[in-house]
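This briefing concerns the protein chain shown below. Please keep the sequence and the structure in view while reading the points that follow.

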Amino acid sequence: MIGAAFARRRLASGMAPSANRGIRSAQTAILVNAALAATKLVAGIVGHTYALVADAIESTADIFSSTIVWGGLRVASREPDDAYPFGYGKAEPLAAAVVSLMLLGAAVSIAVEAIGEIRTPHHSPAPWTLAVLVAVVVVKWTLSRRVRAIGAETGSVAVKADAWHHMSDALTSAAAFIGISIALWGGRGWESADDWAALAASGIIAFNGVAMLRPALQDLMDRMAGPEIVQPVARAAASVEGVLATEKLAVRRSGLGYRVTIHVQTDPDISLRDAHVLSGKVKSAIRAAVPRVEYVLVHMEPFERTALTSRSAPAASPARSPYGE
């Protein structure tokens with residue numbers, strides 16, 4: 001029980017700094033998006049441009065998405081307990097999936113409204129709305145880069161999804177700028193150019209929503225981690241003195257970190273105590289090689305000379321199932 005409690009505290013403390021950085025980025029995004037949404041909505045209505053109104057809808061969706069990311073990271077960083085002994089890490093990719101679905105919903109909504117505006121005669125956009133769009137593009141592009149850097153640093157799919165959400169807003173604003181410019185340059189008969197721009201922007205938003213949904217679903221379904229994680233883990237385990245072979249390696253994401261299960265073969269004549277000590281060394285080696293690994297389960301086995309993977313090989317054979325024998 002003491003060992004389990006220590007492992008839980010270690011897992012939670014390891015996630016806390018990364019989760020806090022993600023939470024702070026979400027809080028900043030909420031404030032920025034609230035200001036931008038209000039500005040774009042007023043400018044769109046007064047300036048007779050639905051592209052800006054569509055942009056305001058996108059920024060409003062950004063507020064909710066950042067709030068969801070904030071909540072997801074808070075839940076994911078909670079310490080494991082008796083009810084959830086494996087932790088709350090799934091809350092993080094779940095938040096990313098919800099944000100992605102919100103993007104798809106916003107894309108459909110903008111497309112429907114844009115088509116309606118195209119079919120309805122209206123006034124030409126006001127020239128001053130272009131200045132508003134330039135400011136929006138600069139702010140959202142800067143915010144997207146900042147949040148994306150935090151997402152890459154922490155490995156959070158939810159934060160990365162939020163960054164793409166900000167980038168989508170910048171793209172819709174850029175499309176609106178092009179559409180309004182065409183409408184103003186073309187004059188009479190070109191009033192709907194900004195609505196066509198909003199329609200094009202909805203396609204971009206939908207594409208990004210699908211692109212972000214895939215990794216979130218993969219994490220929720222415990223997909224095997226990529227080679228950039230698996231190979232260092234396998235090499236670290238094989239490098240430990242006394243390890244003669246490794247096999248059935250399984251690595252999956254859990255929130256902001258990874259969980260590893262691996263079968264390690266060693267001399268069949270060593271004592272149970274020595275095997276236990278060796279498994280501890282394997283765990284320490286893996287965690288040192290890949291700090292984002294939060295949990296390692298080592299299954300000790302007697303060495304079989306017919307094993308497919310020897311200690312000299314850097315990679316363990318992947319497991320068909322984390323619990324397969």
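Predicted model: local features only at pLDDT ≥ 70, side-chain atom pairs only at ≥ 80, totals over all residues.

**Helix α8**

- Helix α8 spans residues 272–289, which is 18 residues.
- From its first C-alpha to its last, α8 reaches 26 Å, close to the 26 Å expected at 1.5 Å a residue.
- The residues of α8 that are buried are A275, L278, S279, V282 and I286.
- An α-helix has 3.6 residues a turn, so residues three or four places apart point the same way.
- On the face turned away from the buried side, α8 carries the exposed residues R273, H276 and A288.

**Secondary structure of the chain**

- The protein chain contains eight helices and three strands.
- Read from the N terminus, the order of these elements is α-α-α-α-α-α-α-β-β-α-β.

**Burial, contacts and surface**

- Of the 325 residues in the protein chain, 47% are buried.
- Among contacts in the protein chain with a separation of 6 or more, 77% are between residues 24 or more positions apart.
- The protein chain exposes about 15800 Å², and carbon and sulfur atoms supply 64% of this area.

Note on methods. Residues numbered from 1 in each chain as written. Heavy atoms only, no water. Helix = DSSP H or I, 4+ residues; strand = E, 2+ residues; numbered from the N terminus. Buried < 20%, exposed > 50% of the residue type's maximum accessible area, 1.4 Å probe, protein only. Contact = heavy atoms within 4.5 Å. Areas by Shrake-Rupley, 256 points an atom, 1.4 Å probe, with all protein chains shown as cover. Expected span 1.5 Å × (residues − 1).
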